[in-house]
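Hi,

Here is the structure I promised to pass on.

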Amino acid sequence: MSSNEQNLDAIREIRQMMDRSSRFISLSGWSGVVAGGSALAGAWLAREKIAAYFQDGYGKTEACPVCLRNDLLAIAAGVFILAFVAAVLFTYFKSRRDGIAFWGASARRLMWNTMMPMLTGALLIWRMIELEQYELVAPASLLFYGLALVNGSKFTLGEVRYLGYAMIVTGLISLWFSGYGLYFWAFGFGVLHILYGLSMWWKYERYTWLSGPRA
Amino acid sequence: MKNPIEQLNKIFDSRIRLGIMSALLVNEDVSFNDLKELIQVTDGNLASHLKTLEESAYIKVEKGFVGRKTNTTYKVTKAGEKAFRLHLDALEQMIRQMGK
């Protein structure tokens, strides 16, 4: 005998298996908030460094553009590491709470599809810095990161796609506003990440957070 | 009107076979180990259900190697896809009728 309950169960099972096997859905909204926060802090630090450089050193013999460049690179690396570690940690906790394997085929696919555009962009930016062409560093980082998100969105929460679109638009606009790169960068990596993280948390995690760990 | 219960495919009666088909429909191929983790069953149990699906020509098996280890992956066939869609249609109809 097949009852309605059983049929609904079967459909629930099918839907769950389709989602679980094709998408990595444990990305936590908190990782977006932390990534955005550290990007804003990094942008603020960078602005201080740049301001100090132009105030104290510029045009004088003790001016050290290489030091400024290295400081800025160190800040960028710090922001990236902090954001990455936060993303991995929060996602790990969320996958444990949801009872989903953290490192499976879907996570690998997500990693590969986001890392490929990002590494390409990183190499391009590396070469720009080597050639001392700094003008397009901020737009390039926004654009490649946006493309990475759009590409990766097929393998995780679909909303990541909109974050990617927003990054790309920000990056495109900033192409025509050189000199304001840092502000666009702060908006894209900071504000957009925080908005995304909060809305994801509101949409998917609010309930589990309030009701404690799921059985 | 035909009774939709008759349209339900007996092969998809089992939760495990239903799970295998669902996973294969949205992925190009899925390995044995990934299926095992997704559906949370023992090796032997999974293997016997895979055998049933293979014998019905709903899935096909591809044996390969990752380094030295064997890596068996599964794909859904055209016939399997069709049978699964018919099964879903039947489920949908039954729920509609009972909801009235």
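**Chain A overall**

In chain A, 75% of the contacts with a separation of 6 or more are between residues 24 or more positions apart, a contact being heavy atoms within 4.5 Å. Before you read on: this is a predicted model, where local features need pLDDT of at least 70 and side-chain atom pairs count only at pLDDT 80 or more, while totals for chains, interfaces and linings use all residues. Residues are numbered from 1 along each chain as its sequence is written, chains are lettered from A and ligands numbered from 1 in the order in which they are written, and side-chain values use heavy atoms, with hydrogens and water left out.

Chain A has 7 helices and 0 strands, so its pattern along the sequence is simply α-α-α-α-α-α-α; helices (H or I, at least four residues) and strands (E, at least two) are DSSP runs, numbered from the N terminus. Its C-alpha atoms fill a box of roughly 90 × 30 × 25 Å along the principal axes. Of the 215 residues in chain A, 40% are buried (under 20% relative accessible area, with exposed over 50% and partly exposed in between, using a 1.4 Å probe and protein chains only).

**The sheet in chain B**

Chain B has an open sheet of 3 strands in the order 1-3-2, with antiparallel pairing; two strands pair if DSSP finds at least two bridges between them. Strand 1 and strand 2 (59-66) are at the edges with a single partner strand each, so one side of each has no neighbour in the sheet. Strands 2 and 3 of chain B are joined antiparallel over 8 bridges, and Ile59(B) sits opposite Val76(B) of strand 3.

**Salt bridges**

I count 10 salt bridges over all chains, taking a side-chain nitrogen of Lys or Arg within 4 Å of a carboxyl oxygen of Asp or Glu. Here are three to click on:

- Arg12(A) and Asp9(A) meet at 3.0 Å, N to O. They are 3 residues apart in helix 1 of chain A, which means about one helical turn between them. Asp9(A) is partly exposed at 38% relative accessibility.
- Glu130(A) and Arg127(A) meet at 2.6 Å, N to O. They too are 3 residues apart, in helix 4 of chain A, so about one helical turn separates them. Glu130(A) is partly exposed at 47%, and Arg127(A) is partly exposed at 44%.
- Asp43(B) and Lys36(B) meet at 3.0 Å, N to O. Asp43(B) is partly exposed at 41%, as is Lys36(B) at 28%.

**The second largest pocket**

What lines the second largest pocket? There are 24 lining residues, and Gly104(A), Ala105(A), Ser106(A), Asp34(B) and Leu38(B) lie nearest its centre. For the record, a pocket is an open set of points on a 1 Å grid over the protein atoms alone, where a 1.4 Å probe fits, with protein on both sides within 12 Å along at least five of seven lines; lining residues have an atom within 4 Å of a point.

The space inside comes to about 490 Å³. Helix 1 (4-22) and helix 4 (105-130) of chain A each supply at least two lining residues, as do strand 1 (30-31), helix 3 (32-39) and strand 3 (69-76) of chain B. Helix 4 of chain A gives the largest share, 4 residues. By type, the lining divides into 7 nonpolar, 9 polar and 8 charged residues, with Asp, Glu, Lys and Arg as charged, Ala, Val, Leu, Ile, Met, Phe, Trp, Tyr, Cys and Pro as nonpolar, and the others, Gly among them, as polar.

Cheers

Note on methods: Grid points are joined across faces, edges and corners, and a volume is the space filled by probe spheres set on the points.
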